[in-house]
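Dear colleague,

My notes on it follow.

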Number of protein chains: 2
Amino acid sequence: MVRAVSSLRRRFAAGLLWCMAAVGALAQPVDPLPSWHTGTAKARIVAFVQAVTEPGGKDFVAPGDRIAVFDNDGTLWSEQPMYFQLAFALDRVRALAPKHPEWKTKQPFKAAVEGDMKTLAAGGERGLLELVAASHAGLTTDEFAAVVKDWLATARHPKFNRPYTELTFAPMVELLAYLRANGFQTWIVSGGGIDFMRVFAEQAYGVPPQQMVGSSLALKYALRNGQPVLVQQPKVAFIDDKAGKPVGIHKAIGKRPIAAFGNSDGDFQMLEWTTRAPSARLGVLVHHDDAEREFAYDRKSPFGRLDRGLDEASARGWTLVSMKNDWKQVYAPGR
Amino acid sequence: MVRAVSSLRRRFAAGLLWCMAAVGALAQPVDPLPSWHTGTAKARIVAFVQAVTEPGGKDFVAPGDRIAVFDNDGTLWSEQPMYFQLAFALDRVRALAPKHPEWKTKQPFKAAVEGDMKTLAAGGERGLLELVAASHAGLTTDEFAAVVKDWLATARHPKFNRPYTELTFAPMVELLAYLRANGFQTWIVSGGGIDFMRVFAEQAYGVPPQQMVGSSLALKYALRNGQPVLVQQPKVAFIDDKAGKPVGIHKAIGKRPIAAFGNSDGDFQMLEWTTRAPSARLGVLVHHDDAEREFAYDRKSPFGRLDRGLDEASARGWTLVSMKNDWKQVYAPGR
């Protein structure tokens, strides 16, 4: 009898425990950022989202004003050993080279054809843009999109031997979805070409073509065989980098964002414009410190250099995300 | 007895009629465009919307691709006797004139201060833009928005003696709402200044700041007393008119619209870009032919001239909307 009661008690206790666990699982909110380790960065992001979405809370922001802006290169996908769009432009210059004998002696084309990265880097941003402009010009916007699509389907990253579109950061894709689920409108604000990004951004990030700010070439409206087209001109119309980012944001969005995510000093003014305000704001810098799973660079890279941002992040209340320590995974597993 | 039966029959018949009327009212869809007279224009608009939203239909368009673009001046609100933003710029030039003695002799400022519309019109679009650039420059985007807001709250239209924001076209505001209710994203694509429109467009049309394409001045990012600002420069950055409209649309939206609404030859390329395509498209021109309720002009106005569009609308399958015959009301009743 004692044993029977004891057995009953045990069964009852086990049942009770099971019930408590089940209720606990129900009460426990699902982790919206499972690829992020518990830590300061994740805690700050979640606390910010909770603060601005809490009805009646002192930091509440109406859904229409929940604008979050994301740099692309180095923030949403990798940017080493060179900006992926630069890899595209170099492939394009090499493909077009036979038709341009003058490129054999003219910089930066000579360096591009020869793969001379040192000379290319020395030419700075202006040189790279010249290269992009010349190699992208003459195509209509539709033709350009087709060329980019083909390239993305075939080109592979030199280190990871995977298509470039598989090198988006899983924790950031998660973060974009988390923000949207909380009523944010997510925008990409990149120094990269707007029409290059539009080819893959909706599928990769869930960001549609009309929520994109980027650098662009001049376009010319024309009729070809009676059909209207927009032809890319060999002239840079807008450079969406550094102090150009707040300008690009204003032109496209017309509102000041409440959250900004970047990784380099090219994003400095975007974070400043977003966060230096009297209300609740979030500024985040992704720090590339993971040599094993991605790349480790900050003050020493020709692409995506983080210098001033690293020095001033703490004083400005910006959150530094360590890819090494804050992310459980960098890329989604290969398909 | 016969009378009793007859009375019963009458009552029954009356009840039946009532029931039929009630069922009929339920079956009858609510008119989504009550300010529009029944006619070709309304029928074409409604047929187009039904065609592109019918699931499984041959003309079905996914909601994300249902982009509709609207010119503003003359399409969503009046533009006579001069563009409302020009009236604003003239008031601003007059207010600033005491600080600019050089304007007494320099055109187009002299004409602006003196209200010499003939000289102003003769200077063409470039002259007007110069005026706008000079009178808007130096202000930050926030300061500019405040000045426009003040002006809209106090200025009155010379003919109707109502605030300019009451001179939006009720049938078009209805149409915007009808399209949005059918999954369209509605955009304004105007030759007017983007930051001028943003001040009132959300309240007037339900179109948020980030769904606006317009002409713009160059902006400069700066810190004033430690606070980041965007300062309007005395330099036109983009003219969103004529062949500039498809360019502006592509830069901002990155998709080709499926419906375009305009009223002048400044909208010609926008309608061409939108409608010359193999799938179902809608091109609409609002024709100002109502001298009594608004203004009657087409080939003879310096602002909003409709010439080529009027000649080619029929061949291009564009719908002409007669303000006089297609609209039950032009403006919403005064408050």
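**The interface and its symmetry**

Chain B and chain A bury about 2,900 Å² between them, with 56% of it on carbon and sulfur atoms; buried area is the accessible area (1.4 Å probe) that two parts lose on being put together, summed over both. On the side of chain B, Gln210(B), Tyr221(B) and Lys251(B) lose the most area to chain A, together 24% of what that side buries.

This is a predicted model, in which local features need pLDDT of at least 70 and side-chain atom pairs count only at pLDDT 80 or more, while totals for chains, interfaces and linings use all residues. Residues are numbered from 1 along each chain as its sequence is written, chains are lettered from A and ligands numbered from 1 in the order in which they are written, and side-chain values use heavy atoms, without hydrogens and water.

The contact (heavy atoms within 4.5 Å) takes 36 residues from each of chain B and chain A. Between the chains, 16 residue pairs are in polar contact, both residues at pLDDT 80 or more; such a contact is a pair of N or O atoms within 3.5 Å, one able to donate a hydrogen and the other to accept it, and residues adjacent in sequence count only if both atoms are side-chain atoms.

Chain B can be laid on chain A by a turn of 180° and a shift of 0.0 Å along the axis, with an RMSD of 0.0 Å (least squares on the C-alpha atoms of residues with pLDDT of at least 70 in both). That is the relation of a two-fold axis. The same surface serves both copies, as 100% of the contact residues of chain B recur in chain A.

Yours sincerely
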